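Please open the structure in the viewer and keep the selection tool at hand.

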Amino acid sequence: MLKIAIVIGSTRPGGHGKVVGQWAYNIAQKRDDADFTLLDIADFNLPLLDEPMPAMSGGRYTQDHTRNWSAAIASFDGYVFVTPEYNHGTSGALKNAIDFLYQEWSNKAAGFIAYGYSMGARAVESLRLIMGSLEVATVRAQVGLSLFTDFEQGVAFTPAAMQEGNLRTVLDQVIAWSGALKTLRVEAKTTTMGRAVRARRSRADSRLCGAEPHDDYQSRPRRQTVNKDLGVWTYQDCALVLIDYQKEMFEVIRSETKADLVELNVRLLARTAKAFNMPIVLSTVGVQYKINGPTRPAILADLPGVPVIDRTSMNAFEDDAFRAAVTKTGRKRLIFGGLHTEICLTFATWKR
Ligand SMILES: Cc1cc2nc3c(=O)[nH]c(=O)nc-3n(C[C@H](O)[C@H](O)[C@H](O)COP(=O)(O)O)c2cc1C
């Protein structure tokens, strides 16, 4: 089950953060598609940033309060930040708490509930920029609470009826993206493990060759990266092959997964491949003969400049252009994406 934290980002005594956070939590916890926790940054007693090393440089924390905060944040798949607007931005306390960590936030999703005279709109915009730097994907929907209309005389919290619906949309989007991004984190972990193993092996090789112990393995010529013993696939060894993500194929998906989520996963896969500079081969079937439509537009939009190879054959490898494109990648390990294991993928991988 996905774990989502509702993070109260205001520490002002008597501030509205707690009551707004509690309102969101009461609604969220009725859902059965994720586990929710209400997290108040005030409970972590974080001082102004007092770690000598930036979190981005590897999370070598020296303080117990940082370790506690790190453990809490690392345990979630996504976040809903409750933020006040202070001077056209988020609160200093929340920004400070965010800055304590890095890796713990990365490749996760976030949504926002903001409040203030201007519905906290600028606080959310400032947070979106900060989240971008931390590699957190922020969802479009947000809850904006006005001190004029959602609080009685700016004090008692009386949210307008529509705010619950707004919150539901935020939660829907955060849950969908948190689930999709979880797969990316699993992939990154595998890659990191492979890198660590290679580094160890390289250091051992240096010793055998009589190289100086300080000889930096990274400055040596790159060798074959595929680790046969572990079977770890690295991005340097792989190409991504996307097969037949067309409207007609989406229409006949019979699993429980919604088409929109499948599409989101494919787009994340494509973006990941691009981020790692992996070659991508994109193919469709039956477009030129008007049997099927083209690749779904949202997927195409994530693949600018990638040529589409349209085929008449079900077996992709029977198509000369497809075969040539795969060969041209120079990669021996192919990651295939397709909608139907019995058609799109079987025929695409079936090389006679
Ligand atoms: C230091 C400070 C700056 C503020 N700046 C803004 C602002 O720029 N825009 C706005 O709409 N409200 C602003 N407000 C109003 C707050 O958004 C509002 O008082 C809110 O309840 C504060 O959150 P809190 O109750 O959690 O402290 C500001 C309030 C404070 C204390």
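Two residues are in contact if their C-beta atoms, placed from the backbone, lie within 7 Å. With this in mind, select valine 7: leaving aside residues up to four places away in sequence, valine 7 touches Leu39, Ile41, Tyr79, Phe81 and Val82. The model on display is a predicted one.

**The whole chain**

Now display the entire chain. Its secondary structure comes to 10 helices and 11 strands. Of the 352 residues in the chain, 31% are buried. Among contacts with a separation of 6 or more, 76% are accounted for by residues 24 or more positions apart.

**The cores**

Next, select Ile6, Val7, Ala24, Val80, Phe81, Ile113 and Val174. These residues have the most contacts inside the largest nonpolar core, which has 51 residues. Helix 5 (residues 162–209) gives the most to this core, namely eight residues. A second, separate core has 26 residues, including Met249, Leu269, Leu303 and Phe347.

**Lysine 108**

Proceed to lysine 108, which is placed in strand 4 (residues 108–116). Is lysine 108 buried or exposed? A residue is buried if 20 or more other C-beta atoms lie within 10 Å of its own. Lysine 108 counts as buried because it has 26 C-beta neighbours inside 10 Å. Not counting residues up to four places away in sequence, lysine 108 touches Asp77, Gly78, Tyr79, Val136, Ser178 and Leu181.

**The ligand**

Select the ligand and the residues around it. The ligand is surrounded by 15 residues, of which the closest are Ser10, Gly15, Pro84, Gly116 and Tyr117. This shell divides into five nonpolar, eight polar and two charged residues.

**Helix 7**

Finally, select residues 259–275, which form helix 7. Its 17 residues reach 24 Å from the first C-alpha to the last, close to the 24 Å expected at 1.5 Å a residue. Which residues of helix 7 are buried? They are Val266, Leu269, Ala270 and Ala273. Seen down the axis of helix 7, its buried residues fall within an arc of 95°, so they line one face of the helix. An α-helix has 3.6 residues a turn, so residues three or four places apart point the same way. On the other side of helix 7, Asp260 and Ala275 are exposed. The buried residues of helix 7 pack against strand 8 (238–243), strand 9 (280–285), helix 8 (297–301) and strand 11 (333–338). Asparagine 277, which follows helix 7, has a positive phi, near 55°.

Technical notes
Residues numbered from 1 in each chain as written. Predicted model: local features only at pLDDT ≥ 70, side-chain atom pairs only at ≥ 80, totals over all residues. Helix = DSSP H or I, 4+ residues; strand = E, 2+ residues; numbered from the N terminus. Buried ≥ 20, exposed ≤ 12 C-beta atoms within 10 Å, placed from the backbone. Core = buried A, V, L, I, M, F, W, Y, C linked by C-beta atoms within 7 Å. Near = placed C-beta within 6 Å. Nonpolar A, V, L, I, M, F, W, Y, C, P; charged D, E, K, R; others polar. Expected span 1.5 Å × (residues − 1). Arc of directions from axis to C-beta.
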